[in-house]
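Subject: Structure for you to look through

Hello,

Here is the structure I promised you. Please open it and keep it beside this email while you read.

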Amino acid sequence: MSSLSIVQPGLQSTVQDGGRIGYQRIGITQSGAMDGFAYHLGQRLVGNHPQCAALEISYGGISVRADTDCDVALTGALSRAYIQTNSHTSSGADLQHLPSAPRLIPYASTVRLCAGELLTIDRPDTGVYSYLSISGGIVISPLFESRSTTVREGLGGHEGRVLQAGDQLPLHTITTISARYGYPPFKSASEDAITLRLLPCFQFDQLPEDCRAHISHTTFTLSHRVNRMAACLEGPQLNTGIEQLYSEATCLGAVQIPPDGQPIVLLNDRQTLGGYPKAGAILSVDCARLAQRRAGTKIRFQLITQTDANRVIWLHQNYKRELKLLTLNSDHS
Amino acid sequence: MSTEAQTLMTKLGFDIGIAGETGFLLTFHDEPSRALTVLIIRIADNLSAHFGALITDLAPAYKTLAIFYDMTHPNTSALHPYLIALSQNVSLELSRAVSRQIDVHAGVFDSTPDSSPEGSPDNSRNSSVDAPLNTTIEGSGITQRALNNVSEQQIALPVYYDSAVAPDLLALATYAGLSIEQLIALHTGTSYTAYANGFAPGFCYLGHVDSALAVPRHASPRAAVAAGSVAIADRQTAVYPRQSPGGWRIIGRCPLPLFDAYEQPPNKINVGDTVRFYAVDRECFLSLGGIL
């Protein structure tokens with residue numbers, strides 16, 4: 001079987017797909033790509049079924065090499081990425097095999113990666129999570145119907161862990177596709193302030209008036225404590241007045257308020273149950289936007305009704321389903 | 001309707017809230033009890049049976065049931081009205097069923113936890129739990145088929161209660177004014193109800209611990225609690241399935257694995273199960289696969 005070798009693993013690269021849905025009941029978290037749209041787009045660009053897995057790379061710094069020709073696409077955080085040929089030797093002693101000049105690869109486009117070529121993704125200029133999708137997907141048996149890695153539990157993905165140098169991820173032998181696709185460039189995602197749409201629910205109605213007012217009118221700051229589990233925000237101390245709560249289910253985007261009064265937005269690898277009061281949940285599309293922001297970003301919440309939330313989700317689902325890709329010139333060599 | 005039945009109806013009902021963009025959260029009025037947990041699981045099974053693929057996940061906990069759904073499913077709009085009907089029917093039907101045998105009221109819906117020191121199962125209570133819940137709830141679709149899916153295993157877990165594996169054993173005994181033997185007798189002398197699976201795969205919240213052993217969590221959690229650690233927090237007890245950070249007080253260690261991704265079901269303990277602990281010595285702990 002063909003494989004993709006991890007030459008440089010980057011800071012935290014894992015195998016992810018659309019997530020593990022349906023197992024919260026038994027305490028198994030959702031996981032999956034933090035930026036669901038970027039993942040979905042990448043899979044479309046290489047002609048994959050949405051549940052084929054891709055590499056999720058946080059803060060770039062990864063180099064990979066395939067031993068077969070395949071098509072790849074880079075989506076998510078905007079990074080410089082390039083392909084070099086003939087770099088088989090690791091010793092560097094063989095002058096005939098010095099890497100060629102790097103060939104920059106376009107963002108969000110189908111790109112041919114030939115056998116033996118080295119693909120490197122630099123640290124992104126903006127954003128956090130990049131996705132490297134590979135035609136045919138990564139051949140890993142699903143666990144609880146998903147190939148996503150939950151590092152905390154050692155579940156799924158490649159041996160349940162973060163990728164390391166030397167890992168070999170199995171690929172399908174014949175993986176190239178005939179068409180080349182592209183996607184119009186995003187507008188730059190470098191805003192230093194974002195507004196997250198918050199659906200008030202869970203304990204929102206039990207919160208005191210001033211706490212609710214803070215949530216809808218205060219600007220919070222994204223702290224350094226942010227990972228696949230959650231994003232901790234800093235701001236005025238919120239006092240929920242709720243002393244005791246029996247642990248109950250959480251959901252993607254739930255905004256927990258622990259006793260220190262600093263809100264925590266729960267993300268893909270969140271705990272399935274929690275005993276802290278929750279002011280509601282931000283929309284899943286906004287979870288992806290939040291996940292792509294770095295520490296220091298200013299955060300505001302905008303309360304949204306369920307009707308409006310439904311409309312946003314519908315539009316998003318439709319947009320994803322009807323995704324219009326550009327067909328590129330197939331002469332890519 | 002009698003006053004008692006009306007009171008009961010209020011207690012048994014639930015509020016329908018939302019849990020994010022594609023979820024509902026049912027919050028039950030009653031305090032956590034075995035009867036309430038059985039009811040919650042039965043409602044969960046009923047919803048699965050009735051709506052099939054529309055329901056993407058169901059997460060029961062102490063007094064809540066989170067229902068997650070696929071909003072692209074054609075039948076999505078039927079879910080909320082169904083929940084409203086269910087809440088009315090659950091209250092009405094259960095209160096009628098119970099008011100017919102009002103003597104069981106205290107036994108079923110008393111939120112005082114089980115803590116019979118002899119550990120003998122209270123059969124009268126168990127049968128009274130079944131009486132109202134086996135009632136078919138007309139119009140809401142709760143059928144006998146759905147009712148059969150409740151996990152009600154009896155599980156016995158061996159525990160090595162020793163300071164060598166339990167850093168909080170001595171301190172907790174001192175705190176409670178008990179000898180270690182008395183502490184063990186109280187912890188093993190109770191049948192616990194499995195209220196929720198969560199925190200980590202294989203972790204199951206069990207209650208209620210005898211009030212003499214109720215102790216708050218550590219102010220700051222330990223960075224690493226060993227796999228198998230048997231612990232107490234307030235009136236809950238649980239086994240840590242694998243090494244993880246944790247703030248509960250550790251009183252022993254269980255040698256058996258509690259989660260296996262390749263087993264069906266993967267969790268050894270599931271919501272609705274009854275769990276008892278029994279003490280084993282070092283030799284037995286090791287022979288069962290325990291690691292010191």
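First, a definition: two strands pair if DSSP finds at least two bridges between them. Also keep in mind that this is a predicted model.

**Chain B: the sheet**

Start with strand E6 (residues 192-197) and strand E7 (residues 204-207) of chain B. They pair in the antiparallel sense, over four bridges. To find the place, look for Thr193(B), which stands opposite Gly207(B) in E7(B).

Strands of a sheet pair through backbone hydrogen bonds, either parallel or antiparallel.

Now step back to the whole sheet in chain B. It is open and has seven strands, with mixed pairing. The order is E5-E13-E6-E7-E10-E9-E12. Which strands stand at the edges? They are E5 (154-159) and E12 (249-253) of chain B. Each has a single partner strand, so one side of each is left without a neighbour in the sheet. From one strand to the next, the twist averages 35°.

**Chain B: a helix**

Next, go to helix H8 (residues 180-188) of chain B. Leu183(B), Ile184(B) and His187(B) are buried there. Why are they on the same side of H8(B)? They cover an arc of only 100° around the axis, and that puts them on the same side. What covers these buried residues of H8(B) includes helix H7 (169-176), E12 and strand E13 (274-279) of chain B.

**Chain A: strand E20**

Switch to chain A and find strand E20 (residues 278-282). E20(A) is mostly covered: five of its five residues are buried. Two pairings involve E20(A).

- E13(A) and E20(A) run antiparallel, joined by three bridges. Here Leu199(A) stands opposite Ala281(A) in E20(A).
- Strand E17 (residues 254-256) of chain A pairs with E20(A) in the antiparallel sense, over two bridges. Here Gln256(A) has Lys278(A) in E20(A) as its bridge partner.

**Chain A: Pro208**

Last stop: Pro208(A). It lies in the loop between strand E13 (193-200) and helix H2 (209-217) of chain A. Is Pro208(A) buried or partly exposed? It has 13 C-beta neighbours inside 10 Å, so Pro208(A) counts as partly exposed. For that step you need the cut-offs: 20 or more means buried, 12 or fewer means exposed, and partly exposed is in between.

Which residues does Pro208(A) contact, leaving aside its neighbours within four places in sequence? Asn239(A) and Gly241(A). Val162(A) is 46 residues from Pro208(A) in sequence, and their C-alpha atoms are 42 Å apart in space.

Best wishes

Note on methods: Residues numbered from 1 in each chain as written. Chains lettered and ligands numbered in written order. Predicted model: local features only at pLDDT ≥ 70, side-chain atom pairs only at ≥ 80, totals over all residues. Contact = placed C-beta atoms within 7 Å. Axes fitted to C-alpha atoms, helices over the stretch in contact; angles between N-to-C directions. Arc of directions from axis to C-beta.
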